[in-house]
Every structure is written in structure tokens, then in C-alpha cells.
Amino acid sequence: MGGADDGRETCLRDGTPLSALFDADERTVSLRLLNDRDVHQLELDRVFARTWLFIGHESEIPEPGDFVARHMGEDPVILTRGQDGTPHVMLNVCTHRGMTVCRSDTGNTATFKCPYHGWVFGTDGRMLGAPFERDFYRGGLDKSSLGLRKARTETHAGLVFATWDHNGPSLADHLGDLAWYLELMLARTDAGLEIVGSPQRFIVDSNWKLAGEQWSGDSYHTMTTHKSIEDLGFFKFTSLLQGIHVSSNGNGLIGIGEIQAAVNDTDTTVATDDATANLSANLELLRKMPPGGMTAELVDQLPNHLTPQQIQTLVTTPLMIAGIFPNMLVWTDRGFDSDGNIAAIQRIHVAQPKGPGSFEFCSWVLTERGAPEELKTSIRRASTFAGGISGWIEQDDADMWQAIQHNARGHQARHGHLRYNTLSQPSRPPGWQGPGTTYSPYMRDENQWNWWLRYHHTLTQPVTPPVQGDK
Ligand code: FES
Ligand SMILES: [Fe+2]
């Protein structure tokens, strides 16, 4: 690879300029992007070392000293709750000789002791001491320079994000207008959401980008890839035809309408233009058909946390799937448990790269803390039936992603392209209350193409965030 930081165009090992892998006029990207070691290394340096990445949910570390082990790109990190209650994200690599400091997935601790030579670090990453410190390190250890490398950490709607870029854009800049939608999906009640158990994790033999770009808004595939669920009589895909795409900064949202249609036989009517005037009518509708995962009692808490505009959006578009660049999905939907009963799906997915041809699919289930136990159980079952390792949706999608990845290795097929040719112009449905660039009708390729534009921009920015060197 050459020309990374000197103003010349970045080229791959065989001299192919990176720009040759994108065609903005044709709206295509090369299949080579899926299976190239140089591209993958660039992604680690410029995407995963630069952008904000989802690390975990605040409910996974409720108490001081709680921790979970995670990854940022291919770097292992620890998310902790410090003794003062602050979340910290730090590299899980010992500053002595590179050993993994924390080898548990989750737990509570006052300190982390490296299993190799016994250096000890605090839950905020500070280096605290070493065995035989006074005898062995006669000149003394400069502990202030030997702490675990810290990432910059911020939270939004209970989601903890981190980045290695200490001087880059804020998390609010990164999320853009999608932040507004994440609030109405994830921050609606007094007690908030909590993660159920530990995340499921499984390896998909494919490139992480196939998940990332699909999650930004590929509604088009659902009627074919997931058709078996309709054939089995669980679902009618025609109900998905009314929807909207929202795009902001490469992040994409799919919103699908349902509640108004479902309660049309009631005498409650909602105007679409003045959310403040409609607030009590909207709340009445939501009590009749609460958003997935909520009860009528919890609906009463919505005005404590959401604006009238956000509440009206829950009425018009209760099913939402948000793809956050580069590799995260937030999914609040209506699904089924294995007995066919309708229930809410509430999941977060992350596609964690493991080389160009493999990613770890990490998936969390969320429930409202204040929901009754039977509702929590039905959400867990429906979310697992749809979205876990054995879920019908993930099995379908993983099958597609793995086959595409296999093809991207072929002598002939790797010269092919991913195409994003279905066009639509930004358009705003009457009465739409939310921010962002909106596309309605949806199911076109704008969201995914905007994801690729963000990817291209990030990948071709030459300056990589400086790595703090050990002193
Ligand atoms: S590598 Fe951690 S103490 Fe030596
Ligand atoms: Fe899918």
C-alpha cells in the first residue's frame, strides 16, 4: 500500500487506486472491497480507529467495578464502571509486555491484575503497581505513563460508545439526526431499558461491511431473503410496504407504520401536523396499542422523556431499525415467538471484524426494566426466535453474506460489483416530525449508498488518529 499520508492517492499492493473500487456515477462498489487484506488494514486504521464504536449498554455495568470485555475493531478493550460511576473504555493490553489484562467476559473487580507478571491496573485504567516494585525497579516506575490506553467515551440513550480519536467529532456529530430516533427507541421510560443476559456471539464467514451496509436500510431484501416466514404463515410482507427511510451522516433508519392502521376502527383520530396539540390523542392511541416492549402503564411515562414530536413518531412509525455507521444495528420491531404469538423484538447487533473474511456477530436483547416479567419473557423469546444465532432472520442473512463472500474470492467473480441503482429523491411525508434526510416511499438504495459514501470518505481521509505511544 502506498500514498497513505503524503497527499497522493492510496493504492493497493498491486497499484490499484482505492478510488477505482468505487463508481459514484454508476453507484457501484467493487466486490474486491470485501476480500482484500490491504483494504482491511486501512479499515482498521481509518474506520475502526477513527469513528465512534458501540461498546455496550449502561445496564451491563450498573455498579462501580462492573466490567465487560469487548472489541473496537480487532483491538480488545474493557468497558468498566469506575469507582466514581463514570464509564471507562480502555485497551485490554498490558503496557508491560502486551498480555491480555482481563480474560473474563464480565464481572466486578476493584483492580485488574495481568496474568503474566502481575502488573495491576485500576478500573479507570491507571497503573497501580507491580510485584517487587521497590526491589526490581530501582529508579521507580513512572506509573503515570504506564496506564492502559484509554479511549474517549460518551453515552447516548443508554448506549456507550468509544473512539480512539481524542480530537475528532463528538458522539452527537457522529450520530447526527439518528440520535433523535435512538431516544424514542431506547430512552422512553423512567427505569429505562436493560440488557437481558450476555450478548450472543457467533462467527459469520463474511465481511463485516455486508452487515453494516444492509443494516443502514436494506428493506429490499426482506421480501425475498426472509420469504420463508411468510410461507410459514407468520407474516405478510405487504405490511412492510408503508415505510420511510431516514439518512444522516451515513447512519440509516427504516421506519414502518402500523399503529394508526391497526386502531383505525376506533373513534380516536390524529391530525398529522401539530404534535403538541395531538399529544393527548397520541398517548391515547399508544395506550390502546403500546409500542413494542411497553405496556399501557409505561406509555404514561413517555412525556417524561420524549418530545411531543417524538411521541407522534412512535404513533405513525412504531417499528424502527437503525443502522449506526460503521457496524451497529438497533432493532425495535414486532415479531413472533416460536409458538407464533406476536411479541416485540428489541435487539442490538454489532458486526465485529475478524480479518476481511470473517466477523463476530454480537447480539444483545433489551427489555424495559419496568415491564412485567411475562412481557420480558415474550420479548426474549421473540427476539431470540428472530434474531439470535438460531433466529430465522440471522440464519437467512448469514447465508446470503457468506455466499457473497465466497464469490468475492473467485477469479472471475471478484471483478464484479455491488450495485445501488434504485433511486429516489429526498421527500418528506406530510406531517413527518423527525429530523434527517427522509425518503418516502422507501425500499430504495439511498440509505445504503449514503453508508458507502460515508465509508469511502472515512477510508480515504489520509490522517489516522495518532496512537498514544508508551513512554
Ligand atoms: S505482560 Fe502484563 S505484567 Fe507482564
Ligand atoms: Fe435480513
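Where is Met328 found? Met328 is found in strand 18 (residues 328-336).

This is a predicted model, in which local features need pLDDT of at least 70, side-chain atom pairs count only at pLDDT 80 or more, and totals for chains, interfaces and linings use all residues. Residues are numbered from 1 along each chain as its sequence is written, while chains are lettered from A and ligands numbered from 1 in the order in which they are written.

**Figure 1. The whole protein, with its 15 helices and 22 strands.** The radius of gyration is 23 Å, close to the 23 Å that the globule rule gives for 471 residues, so the protein is as compact as a globular protein of that length. That radius is taken over C-alpha atoms, and the globule rule is 2.2 Å times the number of residues to the power 0.38. The C-alpha trace spans about 80 × 55 × 40 Å along its principal axes. Helices (H or I, at least four residues) and strands (E, at least two) are DSSP runs, numbered from the N terminus. Buried residues make up 44% of the 471 residues. A residue is buried if 20 or more other C-beta atoms, placed from the backbone, lie within 10 Å of its own.

Figure 2. Met328 is buried, with 22 other C-beta atoms within 10 Å. Leaving out residues up to four places away in sequence, Met328 touches Phe54, Ile348, His349 and Val350. Contact here means C-beta atoms, placed from the backbone, within 7 Å. Met328 and Trp401 are 73 residues apart in sequence and 16 Å apart in space, C-alpha to C-alpha.

**Figure 3. Close-up of helix 15 (residues 446-460).** Helix 15 has 15 residues. From first C-alpha to last it reaches 21 Å, close to the 21 Å expected at 1.5 Å a residue. The expected span is 1.5 Å times one less than the number of residues. Buried residues of helix 15 include Trp449, Trp451, Trp452, Arg454 and Tyr455. The buried residues of this helix pack against strand 2 (28-30), helix 5 (208-215), strand 15 (243-248), strand 16 (251-256) and strand 22 (437-439).

Terms used:
A residue is buried if 20 or more other C-beta atoms lie within 10 Å of its own, exposed if 12 or fewer, and partly exposed in between; C-beta atoms are placed from the backbone. Two residues are in contact if their C-beta atoms, placed from the backbone, lie within 7 Å.
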